[in-house]
Amino acid sequence: MTGSTSRAWSYAALVAGLVVAADQVTKHLINSSLADGDTRHVIPGVELVHATNNGVAFSVSAGGPTLVLVVIGIAVLAIIGYFATHHDRPLIWLPTGMMIGGAVGNLVDRIRLGAVTDFIKLPHWPAFNLADASITLGVVALLFVLRDDGSTSTR
């Protein structure tokens, strides 16, 4: 591996690790301070809730826990595969780390608890967690990275 390749993989792994750590810490805090179904108002328009999600995005069922794990595994492998072939693209490590970290954060819950803990509730939006937010923001960041021709960004 060249220096820039190694650096890109290291940055992606660091971002993924930070996302998993923050996600798991916040979920632990919610699980230890709120009973399932409880709600706390934080600021107008934002509530902390303790919700358990057995499905995938927005609690949509995906045909059972085994199928969910397979779909998540395929998605993570696809992200890693894309990164492996495009690691030299400026800033690609950031959305890669965000999406993998979010997927792994929720995967840890599925394996450990059999379901994902969601806790952020906005008006007219299903509850979500930091892993979900990281995946979503990672996809948005990926769109910007792919749009950029690399002439103005730093690695």
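Predicted model: local features only at pLDDT ≥ 70, side-chain atom pairs only at ≥ 80, totals over all residues.
Strands β1 (residues 39-43) and β2 (residues 46-53) pair in the antiparallel sense, over 4 bridges. Arg40 has Leu48 in β2 as its bridge partner, and Thr39 has Val49 in β2 as its bridge partner. The hairpin of β1 and β2 has 2 residues between the strands, and in this hairpin Gly45 takes a positive phi near 90°.

In general, strands of a sheet pair through backbone hydrogen bonds, and the pairing is either parallel or antiparallel. Strand β2 also pairs with β3, again in the antiparallel sense, over 5 bridges. Here Glu47 has Lys121 in β3 as its bridge partner. Together the 3 strands make an open sheet in the order β1-β2-β3, with antiparallel pairing. Strands β1 and β3 (116-121) stand at the edges; each has a single partner strand, so one side of each is left without a neighbour in the sheet. From one strand to the next, the twist averages 30°.

Helices pack on this sheet. Helix α1 touches β1, β2 and β3, and its direction makes about 85° with that of β3. Helix α3 (residues 93-113) also packs on the sheet, where it touches β2 and β3; the direction of α3 makes about 130° with that of β3. How much of strand β3 is buried? Of its 6 residues, 5 are buried, which leaves β3 mostly covered.

Two packed helices are described by the angle between their axes and the distance between the axes. For helix α1 (residues 3-33) and helix α4 (residues 130-147), the angle is about 145° and the axes are 8 Å apart. On the α1 side, the contact is made by Val19, Ala22, Asp23, Thr26 and Lys27, and on the α4 side by Leu130, Ala131 and Ser134.

The structure holds 2 aromatic pairs. In one of them, the rings of Trp9 and Phe83 have their centres 4.7 Å apart and their planes at 75°; planes over 60 degrees apart count as edge-to-face, so this pair is edge-to-face. Trp9 lies in helix α1 and Phe83 in helix α2 (residues 65-86), 74 residues apart, and the pair therefore links distant parts of the chain. Are the two residues buried or partly exposed? Trp9 has 30% relative accessibility, so it counts as partly exposed. Phe83 has a relative accessible area of 1%, and is therefore buried.

These parts can now be placed in the whole chain. The protein chain has 4 helices and 3 strands, and along the sequence they follow the pattern α-β-β-α-α-β-α. Among contacts in the chain with a separation of 6 or more, 68% are between residues 24 or more positions apart. Of the 155 residues in the chain, 35% are buried. The chain exposes about 8,800 Å², and carbon and sulfur atoms supply 70% of that area.

Notes:
Residues numbered from 1 in each chain as written. Heavy atoms only, no water. Axes fitted to C-alpha atoms, helices over the stretch in contact; angles between N-to-C directions. Contact = heavy atoms within 4.5 Å. Pairing = 2+ DSSP bridges. Buried < 20%, exposed > 50% of the residue type's maximum accessible area, 1.4 Å probe, protein only. Areas by Shrake-Rupley, 256 points an atom, 1.4 Å probe, with all protein chains shown as cover. Phe/Tyr/Trp six-rings, centres within 6.5 Å; stacked < 30°, edge-to-face > 60°.
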